[in-house]
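These are my notebook entries on one structure. I set down what I looked up, topic by topic.

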Amino acid sequence: MKIGLIYFGGQYNHLILKNVKYLGGDIETVDPSLPLERVKGYDCLIFSGGPQSVKEELHRMGNSPLFVRELSVPKLGICLGHQLIAHVLGGVVDRANTPEFGLVRIKVEDHDTILRGIPSEFNAWESHNDEVKFPPPGFRVLASSETTKVQSMVNSDNAIFTVQFHPEVKHTEHGTQVLKNFLEVCKK
C-alpha cells in the first residue's frame, strides 16, 4: 500500500509521515505541483495542513484540486486538506467566526469508519482561521465542536474523509486511531 502525502508546508507534516510509517504505511511526500499522471500510482492520498487559505490562495496549491476531483482512491484531508476537499467538491469554506488554536473538545455524532473506536467526546489539537461552513453535496458531518460544526465529514462512498483537527499531533486524543482507521480503508 503506497500512500502519497500532498504537502502544503504545514508545521506538523513530519508527524503525519512518522505516525503513518509507525502504523505500517508506505508513505512519501508529494509536491502538489506534480502533474496528475505522476500521482496516479498511489493507493491513497492524505492532504496535509498548511498556512494557505483555500478561498484566497488556491492558486498556491498546485494541482491538488485535480487530485481531489480526478483520482478515485481513498483520501484523507487534515486541516487545510479538509478545507480544500470541501471547497473543491462544492462545500462552503470561509473565515471561522471563532478561529481555533490549541485544544478543542470534539463531539462525535457518527462513529463512521474514520472515527470507529473513538469515544463520543475527545480533545483534539486545532490550528485554523478558516473552517468548513457547509459540507459538499453527498457528504455528511461526523463530528463538531462548540464553534465549528464541521470538524469531520465523509462522502457517501466512504472513500473521502476529512478532519479539521490534527490527528498526527500527540495532544489529540485517539489521533493515532483516526490514522489507523484510514489505513484500514486504504488496504481494501
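This is a predicted model: local features need pLDDT of at least 70, side-chain atom pairs count only at pLDDT 80 or more; totals for chains, interfaces and linings use all residues.

Residues are numbered from 1 along each chain as its sequence is written, and side-chain values use heavy atoms, with hydrogens and water left out.

**Entry 1: the disulfide**

I searched for disulfides, each a pair of cysteine sulfur atoms within 2.5 Å, and found one in the structure. It is formed by C44 and C186, whose sulfur atoms lie 2.0 Å apart. C44 belongs to strand 3 and C186 to helix 6, so the pair ties together parts that are 142 residues apart in sequence. For helices (H or I, at least four residues) and strands (E, at least two) I use DSSP runs, numbered from the N terminus. I looked up the burial of both cysteines: C44 and C186 are both buried. C79 takes part in no disulfide, and the nearest cysteine sulfur, that of C186, is 20 Å away.

**Entry 2: positive phi**

I recalled the background before listing cases: most residues other than glycine have a negative phi. C79, which is not a glycine, has a positive phi of about 55 degrees. I placed C79 in the loop between strand 4 and helix 5 (80-88). C79 counts as buried because its relative accessibility is 5%. H174 also has a positive phi, near 70 degrees, in a residue other than glycine. I found H174 in the loop between strand 9 (160-163) and helix 6. Its relative accessible area is 35%, so H174 is partly exposed.

**Entry 3: helix 1 and its cover**

Which residues of helix 1 (residues 13-22) are buried? I list N13, L15, I16, L17, N19 and V20.

**Entry 4: aromatic rings and a charge**

I paired rings of Phe, Tyr and Trp (its six-membered ring) if their centres lie within 6.5 Å; planes under 30 degrees apart count as stacked, over 60 as edge-to-face and the rest as tilted. The count comes to two aromatic pairs. F122 and F165 have ring centres 5.5 Å apart and planes at 80 degrees, so this pair is edge-to-face. The pair links distant parts of the chain, with F122 in strand 6 (residues 121-134) and F165 in the loop between strand 9 and helix 6, 43 residues apart. F122 counts as buried because its relative accessibility is 0%, and F165 is buried with a relative accessible area of 0%. The rings of F161 and F182 have centres 6.3 Å apart and planes at 80 degrees, so that pair is edge-to-face. F161 lies in strand 9 and F182 in helix 6, so the pair ties together parts 21 residues apart in sequence. I note that F161 and F182 are both buried.

I also checked for a charge over a ring, which requires NZ of Lys or CZ of Arg within 6 Å of the ring centre and within 35 degrees of the ring normal. K2 lies over the face of Y42, at 5.1 Å from the ring centre.

**Entry 5: M153**

I located M153 in strand 8 (residues 152-155). M153 counts as buried because its relative accessibility is 0%. Leaving aside neighbours within four places in sequence, I find M153 in contact with several residues, among them H82, A86, P135, P136, F139, R140, I160 and F161. The C-alpha atoms of M153 and V132, 21 residues apart along the chain, are separated by 9.9 Å.

How values were computed. Buried means under 20% relative accessible area, exposed over 50%, partly exposed in between (1.4 Å probe, protein chains only). Contact means heavy atoms within 4.5 Å.
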